[in-house]
Amino acid sequence: MYKSFIMLLSMLVLAEAAGAADTADAAPEKRTYLYAVKDADSLYLDHYVSPVAEGRRPCMIFVFGGGFVGGTRDNAEYLPYFDFLTRKGYDVVSIDYRLGLKPLRGVDRKISTREMVGLFNNAVSIAVEDLFSATLFVLDNAEEWMIDTDMIVTCGSSAGAITVLQAENAVCNRTVASAVLPKGFNYAGVISFAGAIFSVDGAPKWENAPAPVMFFHGNADNQVPFEKASLLGVGFYGSKFIFDQFEKRDWPCWFYTLDYQDHAMAVTPMDANRNEIMTFLDDFVRDGRRMTIETEVRSDEFPPRNTKFKVMDYVKANYSE
């Protein structure tokens, strides 16, 4: 296993991606499909594809952010990222999912800790279920869409990043929810923009090796824990915590952190770190290179600020009016 924890290696690895040519100059075509109806929710997905796409192609399933309270699959700030990916030869599928914390909107009473844990657990669980349903829809249409089913990658922002990490954990642990997927299926890779795993049973467990994962996270994030925010084993285990688990087991992963950056890392890498993302997709996912990389960036743009938060700090940052 080859390891590096310095910025120099990251920049050397990027050299290959810097010269990669776009597959098309035209904007992607978008088609919208109803992929599931659950409870009272009709769930749609948008399929973006280059108009000059040829042959079987990798596909990225994208899950939007919004604290499990709001957000949309076609938010304008995501579209340039989708356009970039289709020009690089990826189809993009951006999905709806049920927003399990939407009932918190307008609540004018104090919510107990027990109730909050239950709401969080349900919100994450149903989002993962919906991601699996969308994945099945992609698999069912893979022949018509010319999707390479061995090259389906997930990517999420904030609540969406929590969803894709939680889904990968479910696949690795062969949970009941993941049983809907074909036997032996796993995603080819996972990209998390400021994500975490929610657990009511202590640190996340991994019964089987996960797909390669790329983590982006700022260490001053007060909305999704950078390391962990838990009490008696209940809470969120963030990117740094999960990366440390992976590193000890020599599982392929790349942890990219920006010192003193906040929750903006849920969005900014879609523009600022495209080269790193393509290097991950090319080297870790396509070529199967087994590397562990930690990239820590420091910039005068982000002066020192608080990086230590309590559980209620995260709750207040996300759900206080």
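Which residues in α2 meet which residues in α8? Keep that in mind while we get set up.

You're looking at a predicted model, where local features need pLDDT of at least 70 and side-chain atom pairs count only at pLDDT 80 or more, while totals for chains, interfaces and linings use all residues. Residues are numbered from 1 along each chain as its sequence is written, and side-chain values use heavy atoms, with hydrogens and water left out.

**The whole chain**

Start with everything shown as a cartoon. The chain has nine helices and 13 strands; these are DSSP runs numbered from the N terminus, with helices being H or I of at least four residues and strands E of at least two. Of its 321 residues, 56% count as buried (under 20% relative accessible area; over 50% is exposed and in between is partly exposed, with a 1.4 Å probe and protein chains only).

**Two helices**

Now select 79-87, helix α2, and 274-286, helix α8. Here is the answer to the opening question: P80, Y81, F84 and L85 in α2 meet R274, I277, M278 and L281 in α8. By class, that contact has seven nonpolar, no polar and one charged residues. (Ala, Val, Leu, Ile, Met, Phe, Trp, Tyr, Cys and Pro count as nonpolar, Asp, Glu, Lys and Arg as charged, and the others, Gly among them, as polar.) The two helices pack at about 45 degrees, with their axes 12 Å apart. Axes are lines fitted to C-alpha atoms, for helices over the stretch in contact, and angles run from 0 to 180 degrees between N-to-C directions.

Together they form an open, antiparallel sheet in the order β8-β11-β10. Strands pair if DSSP finds at least two bridges between them.

Then show 159-172, helix α5, lying across β8 and β11 at about 65 degrees to β8.

**Last stop: V171**

Stay on α5 and select V171. Is V171 buried or exposed? It's buried, with a relative accessible area of 11%. V171 touches F132, S178, L181, F185, N186 and Y187, leaving out residues up to four places away in sequence; contact means heavy atoms within 4.5 Å.
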